Amino acid sequence: MSIITIKSVEDYQKIIGADEAAVLLFSAEWADQCKQVEDVMEDLGKMLGDKLRFVKITAEDFPEISMKHQIDAVPTVIFLNKGIAVDRVDGVNIAALTAKCKNLGATAISDISLEERLKTLINKAPLMIFMKGVRDAPRCGFSKQLIAIVNEIGLPYETFDILTDEEVRQGLKTYSDWPTYPQVYVKGELIGGLDIIKELKASNELEKTLRGE
């Protein structure tokens, strides 16, 4: 999941008003350390994007918001839970940033049911793939084969690494009544696994199916 950039006060208010957890980076273009923190947040977003929203705001462009959060220097990261600031990291402290993101993600998860989490994940993108590993680094042969086939179609898609979340890994099997991975979803509906994708490709129906037509 990409980092959201705050471009207006209204954007910030939407983040504050959301009933979810967010990680808000106060940054500046001239500060190289901010890019370092942003890169780490991008990586964390790939792991925790279903639990947290990762957001960036240029501190100097929004002085009132910066003052509200007592931003004296950049980079500063503020952790929000349901619009309330619950923690912060001042400066570059990658270990603290990572640990606090994971803690906030765990807190956010506890507030919603597993079924709600699964529904949110399944509908995260029109074409959603649950696999072992990520699209650029599959961690099993079946996942690698499936990604190669889907990449040939050229449609945008998102992936979720089920090896990073045992609750999702086991829960999705029951939720969808499909015991193996990878699993492919189109517009929230299960299409199937590698064998089904191969069958659709052989019958020239794969692209139409993945488009949800």
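**A conversation about the model**

Guide: Gln183 counts as buried, because its relative accessibility is 0%. Please keep in mind that this is a predicted model.

Visitor: Where is Gln183 placed?
Guide: Gln183 belongs to strand β10, which covers residues 183–186.

Visitor: And which backbone oxygen atoms does the side chain of Gln183 reach?
Guide: One belongs to Trp178, at 2.9 Å. Another belongs to Thr180, at 3.2 Å.

Visitor: What else does Gln183 touch, leaving out residues up to four places away in sequence?
Guide: Its partners include Met128, Ile129 and Phe130, together with Leu172, Lys173 and Ser176. Trp178, Leu190 and Gly192 are also touched by Gln183.

Visitor: Which peptide bond is cis around Pro182?
Guide: The bond from Tyr181 to Pro182 is cis, and omega is near 10°. Pro182 sits in the loop between α7 and β10. Another cis peptide bond joins Val74 and Pro75, with omega about 0°. Pro75 is located in the loop between α3 (63–68) and β4.

Visitor: You mentioned α7. At what angle do the axes of α5 and α7 cross?
Guide: Helix α5 (residues 114–122) and helix α7 (residues 166–176) have axes that come within 10 Å and cross at roughly 85°. The two helices are therefore roughly perpendicular.

Visitor: Which residues meet there, in α5 and in α7?
Guide: From α5, the residues are Leu114, Glu115, Arg117, Leu118, Lys119, Leu121 and Ile122. From α7, they are Glu167, Val168, Gly171, Leu172 and Tyr175. By class, this contact has 7 nonpolar, 1 polar and 4 charged residues.

Visitor: Ile122 again, then: where does Gly188 lie, and what does it contact?
Guide: Gly188 lies in the loop between β10 and β11 (189–192). Apart from neighbours within four places in sequence, Gly188 is in contact with Ile122 and Asn123.

Visitor: Is Gly188 buried, exposed or partly exposed?
Guide: Gly188 counts as partly exposed because its relative accessible area is 23%.

Visitor: Changing topic: which residues touch the most other members in the largest nonpolar core?
Guide: That core has 19 residues, and those with the most contacts to other members are Ile6, Leu24, Phe26, Ile57 and Leu80. At least two residues of this core come from each of α1 (9–17), β2 (21–27), β3 (52–58) and β4 (76–81). A second, separate core has 17 residues, among them Ile3, Val37, Phe54 and Val77.

Visitor: What is Ile6 in contact with?
Guide: Beyond its neighbours within four places in sequence, Ile6 contacts Asp11, Tyr12 and Ile15, and also Val55, Lys56, Ile57 and Phe62.

Visitor: Which residue other than glycine has a positive phi?
Guide: Lys82 is one of them, with phi near 55°. Lys82 is in the loop between β4 and β5 (84–90), and it counts as partly exposed because its relative accessibility is 43%. Asn204 also has a positive phi, near 60°. Asn204 occurs in the loop between α8 (194–202) and α9 (206–210), and it counts as exposed because its relative accessibility is 72%.

Visitor: Finally, how many helices and strands are in the protein chain?
Guide: The chain has 9 helices and 11 strands. Of its 213 residues, 45% count as buried.

Terms used: Residues numbered from 1 in each chain as written. Predicted model: local features only at pLDDT ≥ 70, side-chain atom pairs only at ≥ 80, totals over all residues. Heavy atoms only, no water. Helix = DSSP H or I, 4+ residues; strand = E, 2+ residues; numbered from the N terminus. Buried < 20%, exposed > 50% of the residue type's maximum accessible area, 1.4 Å probe, protein only. Polar contact = N/O pair within 3.5 Å; in protein donor to acceptor, adjacent residues only side chain to side chain. Contact = heavy atoms within 4.5 Å. Axes fitted to C-alpha atoms, helices over the stretch in contact; angles between N-to-C directions. Parallel < 35°, antiparallel > 145°, perpendicular 65-115°, else oblique. Nonpolar A, V, L, I, M, F, W, Y, C, P; charged D, E, K, R; others polar. Core = buried A, V, L, I, M, F, W, Y, C linked by side-chain atoms within 4.5 Å.
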